[in-house]
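I opened a new page for this chain.

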Amino acid sequence: GSAYGGYSRTGGDGADGSAARSTRVAGFVMGVDRLLGMNSVVGGAIAAGDGQSSLSGSLGTARGSYGQFGVHGATRLAGFTFA
């Protein structure tokens with residue numbers, strides 16, 4: 001598993017028609033694999049996070065949250081891999 005995060009700020013000047021922007025993001029990911037016999041593996045992963053972006057001067061904000069879950073499997077048989 002792992003956690004991540006970030007922050008970004010871009011300057012702006014209202015005199016030239018631009019606005020400052022700031023963005024924040026944070027989340028985590030985690031996964032696990034399980035070996036089934038000599039030639040097969042199954043696993044799962046989960047991720048969740050949140051992000052927010054805003055413009056200066058109350059020009060607007062955006063916020064998003066997400067969650068994902070996935071499963072996978074693979075088997076090797078006579079030189080071929082089925083995933």
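My entries follow in the order I made them.

I noted that this is a predicted model, where local features need pLDDT of at least 70, side-chain atom pairs count only at pLDDT 80 or more, and totals for chains, interfaces and linings use all residues. Residues are numbered from 1 along each chain as its sequence is written, and side-chain values use heavy atoms, with hydrogens and water left out.

**Sheet.** I found five strands in an open sheet, ordered β1-β2-β3-β4-β5, with antiparallel pairing. Strands here are DSSP runs (E, at least two residues), numbered from the N terminus. Two strands pair if DSSP finds at least two bridges between them. β1 and β5 (80-82) stand at the edges with a single partner strand each, so one side of each has no neighbour in the sheet. I looked at β1 and β2 next: nine bridges join them in the antiparallel sense. Thr 10 stands opposite Arg 21 in β2.

**Chain start.** I found Gly 1 in the segment before β1 (2-10). Is Gly 1 buried or exposed? Gly 1 counts as exposed because its relative accessibility is 94%; the cut-offs are under 20% for buried and over 50% for exposed, with partly exposed in between (1.4 Å probe, protein chains only). Leaving out residues up to four places away in sequence, Gly 1 touches Val 29 and Met 30. Contact means heavy atoms within 4.5 Å.

**Strand β4.** I placed Val 71 in strand β4. Val 71 counts as exposed because its relative accessibility is 65%.

Methods. Helices (H or I, at least four residues) and strands (E, at least two) are DSSP runs, numbered from the N terminus.
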